[in-house]
Amino acid sequence: MESQPHPMPHFSIAIVEPNTLTALGLQQLLLDMIPMIKVRLFRDFCELESADDGLFAHYFVSSRIFFEHASYFHAPSRRAIVLTTGETAVSGVPTLNVCQSEAMLAKALMMLHHRGHQHNHTAAHCQKRDNGSHQLLTTREEEVAILLAKGNINKEIADRLNISITTVITHRKNIMEKLQARSLADIIIYVVMNGLADIGEL
């Protein structure tokens, strides 16, 4: 009897953040990074507590809610990442500064992933996305995408690749269209997820 393929395991993340714009922005970045996850938004701790079935791989929690309910989020089964509005460090807990540009926020999320704060399923999802997906771009477009992710402006890219600024702009437009990218953050995610550059290089 032929065995049936197992479905991809369900992977969920909770965002506990009263600021709707912050929560939605973070949700979109996470979905861009790991398209197969489910991201649930909660405005306060009570909403989370009533819905928490213990299956969330990670909890992105506003610093105020984290400190008010520290014992809950310090439980071994709950991997919490504290959302801060600056470079505030929280002892023993990874933090994410949400008051930075989308591109910098994407880099910070990738760094958290790189340091191993993502659940094991994340690596499986990212690996699945890796398989041949970077062939969407030509070799030259990949070179341009890498330089964009590293923060180079059009003129710097033109000088580095010995091409005209007009050509760089054309490549940039094609990259955005092929990746359906909304911003530089999407290009950074694409470059790192597809192994075109290490997060430490960006």
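At 71% relative accessibility, Gln-180 counts as exposed, where exposed means over 50% relative accessible area, buried under 20% and partly exposed in between, using a 1.4 Å probe and protein chains only. Gln-180 sits in the loop between α9 and α10, with helices (H or I, at least four residues) and strands (E, at least two) taken as DSSP runs numbered from the N terminus. Gln-180 isn't a glycine, yet its phi is positive, at about 55°. Most residues other than glycine have a negative phi. Asn-162 is another non-glycine residue with a positive phi, of about 60°. Asn-162 belongs to the loop between α8 (154–161) and α9 (165–179), and with a relative accessible area of 72% it is exposed too.

A quick word on the ground rules: this is a predicted model, so local features need pLDDT of at least 70 and side-chain atom pairs count only at pLDDT 80 or more, while totals for chains, interfaces and linings use all residues. Residues are numbered from 1 along each chain as its sequence is written, and side-chain values use heavy atoms, with hydrogens and water left out.

Taken as a whole, the protein chain has 10 helices and five strands. Buried residues account for 44% of its 202 residues. For contacts (heavy atoms within 4.5 Å), the count goes like this: among those between residues at least 6 apart in sequence, 57% join residues at least 24 apart.

The five strands form an open sheet in the order β2-β1-β3-β4-β5, with parallel pairing; two strands pair if DSSP finds at least two bridges between them. At the edges stand β2 (38–42) and β5 (95–97), each with a single partner strand, so one side of each has no neighbour in the sheet. On average, neighbouring strands are turned by 20° against each other, direction ignored. Axes here are lines fitted to C-alpha atoms, for helices over the stretch in contact, and angles run from 0 to 180 degrees between N-to-C directions.

Four bridges join β3 to β4, and the two run parallel; Val-61 has Val-82 in β4 as its bridge partner. On to β5: β4 pairs with β5 in the parallel sense over three bridges. Val-82 has Thr-95 as its bridge partner in β5, and Thr-84 stands opposite Asn-97 in β5. β4 is also mostly covered, with five of its five residues buried. Ala-80, Val-82 and Thr-84 point one way from the strand, whereas Ile-81 and Leu-83 point the other way.

Helix α1 lies across β1, β2, β3, β4 and β5, and runs at about 170° to β2. Setting aside neighbours within four places in sequence, Leu-26 is in contact with Ile-15, Phe-60, Leu-83, Leu-96 and Leu-109. In soluble globular proteins, nonpolar side chains tend to be buried together.

Helix α7 (residues 139–149) is mostly covered, with eight of its 11 residues buried. Among the buried ones are Val-144, Ile-146 and Leu-147, but also Glu-141 and Glu-142. After α7 comes Gly-151, with a positive phi near 95°.

Asn-154, Lys-155, Ile-157 and Ala-158 of α8 make the contact with Ile-165, Val-168, Ile-169 and Arg-172 of α9.

Cys-46 is exposed, at 57% relative accessibility, and so is Cys-99, at 52%. A search of the whole structure for disulfides (pairs of cysteine sulfur atoms within 2.5 Å) finds zero.
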